[in-house]
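Subject: Handover of the structure and notes on it

Dear colleague,

I am passing the structure on to you, and below it you will find my notes on what turned up in it. Please read them with the model open beside you.

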Amino acid sequence: MDTLTIREIISQVERGQVRIPAFQRSFVWEPDRVAFLMDSIFKSYPYGALLFWRTSENLSVERDLGPFSLQDPQADYPIDYVLDGQQRVTSIYATFQTSIDVVETEDWKEIFFDYSVEDDAQETQFFALSSDEVDPEKHFPLRTLFDTTEYRKATRGFDDQLATRIDEMQASFKEARIPVQIFRTEERGQVAVIFERINRQGVPLDTMQLLAAWTWSEEFQLQEQFEDLAEELDDFGYSAGHVDENLLLRCASAVLVGDPKPESIVEIKGEQIRGRFDEVVNGVQGALDFLRANLNIQRIDNLPFQTILVPLSVFFAVSGSSEILVNDAQRRQIIRWFWRTCFSRRYSSGVLRHLKEDITYMLQLKGGQASNLGNIKVAVTEDFYLSNKFGIRNVNTKTFILQLAVYSPKSFHSGNNVDLSRSLKEYNKTEFHHMMPKSFVASLETTENSVNSLANFCYLSRAENRYLGGERPSIYRGKMPDKIEGILASAACPDTLFSDNFDDFVLERAQILTANANALLEND
């Protein structure tokens with residue numbers, strides 16, 4: 001590991017070698033914390049190493065060093081971007097530099113050594129003070145330590161004992177070696193990974209900030225592009241103020257470089273991202289339009305796995321105003337892949353590996369080649385509907401809800417088709433209720449299955465549920481239309497519902513649902 005003296009840090013900042021990348025956060029340390037760092041340096045206590053990314057390429061967007069505007073880098077020197085230690089570098093430079101006047105604010109106060117305080121291993125001897133708090137009889141300014149002229153002025157008139165003590169304090173800072181780990185690379189993807197790892201214990205890396213720095217131009221701001229895309233997708237549950245940036249970044253990376261890892265996108269040049277961003281927009285919009293038209297997906301929340309959008313965006317990505325024409329064979333294979341992905345919980349583990357495979361398969365299908373898209377081994381059994389309990393946010397319930405939507409469910413009250421666009425847009429538990437009411441099942445002596453199992457749920461609004469009254473099915477049957485065959489068929493429901501035998505009913509319904517699910521998995 002390398003080390004730098006404080007003077008070297010000041011010099012490198014002033015000649016533009018040490019710089020702050022745009023994806024770093026602002027300087028946030030309070031003055032007292034800066035003073036505490038000075039005490040740690042003075043006493044040779046550990047305070048952590050700096051991490052610099054050394055590169056020959058200057059980023060197009062950078063951040064100031066706290067209140068200081070950085071000089072342009074000199075051509076003879078490599079550039080060291082601070083990946084870890086920005087607060088410490090800024091604190092050191094601001095404390096000791098004398099070339100720029102710093103305006104005193106609540107966020108910044110000058111640091112002083114209090115020589116009236118005896119040396120103590122625990123108590124600090126350094127303080128951040130406003131001008132009206134400074135007592136010249138006991139407070140010595142640290143800003144003079146590396147400026148010979150100013151130091152001579154500040155120590156003039158001291159007796160030998162005090163002068164010796166101040167000289168020793170100055171020497172401790174002049175001799176201090178700040179540990180620095182220098183990471184040399186021109187591969188920006190590695191920078192993204194490293195920055196994420198060192199920030200994992202605090203606020204994690206905002207990959208969007210990295211990409212904003214890579215791609216920025218006067219005409220193109222990546223953050224604004226994603227916000228505009230989110231507004232266009234507002235009908236699917238997005239909003240500009242609540243953008244799932246990670247999902248959209250995965251889509252962008254998949255479309256542009258064929259890799260779902262967001263950090264992969266930084267491997268290509270900014271102008272390529274700017275020039276092809278319309279492909280990302282068209283890909284995401286085309287994917288959502290396909291899901292709505294073919295699978296009744298009304299909101300992004302309807303998806304059992306939102307990552308389904310990633311490979312599907314690759315299929316629909318196209319430049320300009322053109323569109324991807326999907327033939328029947330492609331449409332059927334994509335739908336088959338969708339159901340197999342959901343029922344197998346494909347994206348519950350090994351997500352990046354499975355996404356990468358499916359991106360490849362999507363590109364093959366898009367190019368008219370033979371594709372293994374959807375060749376996933378999965379078989380649904382009755383246990384899926386008997387053992388899984390209904391929970392509006394879990395993967396299996398979402399899959400079940402979309403399965404029911406395939407058969408155009410009808411109202412138990414009117415017999416009319418359920419308005420799926422409304423039910424799936426509102427998408428909350430008030431749109432789904434027990435077919436055998438909880439109160440009735442609770443009155444039974446014994447049951448082998450849970451009243452909350454998937455097999456006991458259907459599309460049934462709160463208003464309809466109240467109308468039916470929570471009675472046993474044989475009683476609420478009298479409140480339903482005379483002809484109910486179509487209603488039951490649309491809900492994959494056997495007429496044993498009205499026998500009031502809970503276990504027989506849920507078992508038979510689970511069998512019907514299982515047969516329907518396996519038909520979806522084949523989709524031939």
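Is aspartate 119 buried or exposed? Aspartate 119 counts as exposed, because its relative accessibility is 57%, where exposed means over 50% relative accessible area, buried under 20%, and partly exposed in between (1.4 Å probe, protein chains only).

Before the rest, a word on conventions. This is a predicted model, in which local features need pLDDT of at least 70 and side-chain atom pairs count only at pLDDT 80 or more, while totals for chains, interfaces and linings use all residues. Residues are numbered from 1 along each chain as its sequence is written, and side-chain values use heavy atoms, with hydrogens and water left out.

Salt bridges

The structure contains 16 salt bridges, a salt bridge being a side-chain nitrogen of Lys or Arg within 4 Å of a carboxyl oxygen of Asp or Glu. In one of them, aspartate 119 is paired with arginine 165, and the closest N and O atoms are 3.1 Å apart. This pair links distant parts of the chain, 46 residues apart, since arginine 165 belongs to helix α5 (residues 160-175) and aspartate 119 to the loop between β6 (110-114) and β7 (126-129); helices (H or I, at least four residues) and strands (E, at least two) are DSSP runs, numbered from the N terminus. Arginine 165, with 19% relative accessibility, counts as buried.

Another salt bridge is formed by arginine 346 and aspartate 358, at 3.0 Å from N to O. Here too the pair links distant parts of the chain, with arginine 346 in the loop between α12 (328-343) and α13 (351-366) and aspartate 358 in helix α13, 12 residues apart. Arginine 346 is buried at 11% relative accessibility, and aspartate 358 is buried at 1%.

Backbone

Most residues other than glycine have a negative phi. Serine 44, although not a glycine, has a positive phi of about 60°; it is found in the loop between α2 (31-42) and β3 (50-55) and counts as exposed at 64% relative accessibility. Aspartate 500, also not a glycine, has a positive phi of about 65°, and lies in the loop between α20 (485-490) and α21 (502-522), where aspartate 500 counts as buried at 14% relative accessibility.

Cysteines

With a disulfide taken as a pair of cysteine sulfur atoms within 2.5 Å, the count comes to zero. Cysteine 493 is accordingly in no disulfide, and the nearest cysteine sulfur, that of cysteine 458, is 7.3 Å away. Cysteine 493 counts as buried at 7% relative accessibility, and cysteine 251 counts as buried at 0%.

With kind regards
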